Amino acid sequence: MKQHILIKTTPQANESMINALTLVLGMHLEIREKDSCLWLDIDEITEEELESIFQSLESDLNLLISFYHTTSDQYDRELALVCSSFLQSTYGHYNLKSFIPQIKSKSLARELFHFITDGTGIDERIILSMAESDLNVSQASISLYMHRNTLLYKIERLEELRGFDIKKFYDLYLLFYLLKA
């Protein structure tokens, strides 16, 4: 699975970071420098391997590395939405789910909600109905006047495209948070 990563570093650290990443990841890596960040595209690496590589780099280069990673097919749009907030964030290793609770801007929250739900059929009514029905798909479908299988299809599509399963509390909470931010 292709990983897309935005790394926040200092301009002084960029060159040593590029050299280290090229040495470790070799041919599987494409690096771009933009807005005092490194943008990486990496093939054939798991999330656990990626986390391990960055922990080793932090130790070897004596740096704190903040990075944001995604596997989204629409990574350019996702990274554009979160980039300015990410640059202002504190040290950490982020993905979309871990980044959402830090969002304070109503407009950014709405944009992210629409990005996450785009093409899935999920809308505000579904999120609110799932919350009101305590994650019960059957009850939510009744309150929405929607066939249960139609609602399940939309929920599965959301999980397939964006990795959010609104039958799980935390994922539903994150989308609810974006609606109420």
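Is the crossing of α3 and α5 left-handed or right-handed?

1. The model is predicted. Residue numbers start from 1 along the chain.

2. On the opening question, the crossing of helices α3 and α5 is left-handed. Helix α3 covers residues 75-88, and helix α5 covers residues 106-117. Two packed helices are described by the angle between their axes and the distance between the axes. Here the angle is about 160° and the axes lie 11 Å apart. Because angles over 145 degrees count as roughly antiparallel, α3 is roughly antiparallel to α5.

3. Strand β4 takes in residues 66-70 and is mostly covered, with five of its five residues buried. In a regular strand the side chains alternate between the two faces of the sheet. In β4 both faces are covered: Ser-66, Tyr-68 and Thr-70 are buried on one side, and Phe-67 and His-69 are buried on the other.

4. β4 has pairing partners in strands β1 and β5. With β1 (residues 3-8) the pairing is antiparallel and runs over five bridges. Within it, Tyr-68 of β4 stands opposite Leu-6. With β5 (residues 93-94) the pairing is parallel, over two bridges. Tyr-68 takes part here too, its bridge partner in β5 being Tyr-94. Between β4 and β5 the chain passes through helix α3, and this β-α-β crossover is left-handed.

5. How many salt bridges does the model contain? The count comes to seven. Side chains of opposite charge can pair when their charged atoms come close. Three of the pairs, those of Asp-171, Asp-123 and Glu-160, are described in the points that follow.

6. Asp-171 and Lys-97 form a salt bridge through their side chains, at 3.0 Å from N to O. This pair links distant parts of the chain, 74 residues apart: Asp-171 belongs to helix α9 (residues 169-180) and Lys-97 to helix α4 (residues 96-99). Asp-171 is buried, at 6% relative accessible area, whereas Lys-97 is partly exposed, at 26%. The cut-off for buried is under 20%, so Asp-171 falls within it.

7. Glu-160 pairs with Arg-157, and their closest N and O atoms are 3.1 Å apart. Both residues lie in helix α8 (residues 148-162); because they are three residues apart there, about one helical turn separates them. Glu-160 is exposed, with a relative accessible area of 59%. Arg-157 counts as partly exposed, at 25%.

8. Asp-123 forms a salt bridge with Arg-125, where the closest N and O atoms are 3.5 Å apart. Asp-123 is partly exposed, at 26% relative accessible area. Arg-125 is partly exposed as well, at 46%.

9. One further position is Gln-55, which is found in helix α2 (residues 47-61). Gln-55 is partly exposed, with a relative accessible area of 45%. Its C-alpha atom is separated by 32 Å from that of Ala-181, a residue 126 positions away along the chain.

Methods. This is a predicted model: local features need pLDDT of at least 70, side-chain atom pairs count only at pLDDT 80 or more; totals for chains, interfaces and linings use all residues. Side-chain values use heavy atoms; hydrogens and water are left out. A salt bridge is a side-chain nitrogen of Lys or Arg within 4 Å of a carboxyl oxygen of Asp or Glu. Helices (H or I, at least four residues) and strands (E, at least two) are DSSP runs, numbered from the N terminus. Buried means under 20% relative accessible area, exposed over 50%, partly exposed in between (1.4 Å probe, protein chains only). Two strands pair if DSSP finds at least two bridges between them. A crossover is right-handed if, with the strands pointing away from the viewer, the path from the first strand over the helix to the second runs clockwise. Axes are lines fitted to C-alpha atoms, for helices over the stretch in contact, and angles run from 0 to 180 degrees between N-to-C directions. Angles under 35 degrees count as roughly parallel, over 145 as roughly antiparallel, 65 to 115 as roughly perpendicular and the rest as oblique. A crossing is left-handed if the near helix is turned anticlockwise from the far one by less than a right angle, and right-handed if clockwise.
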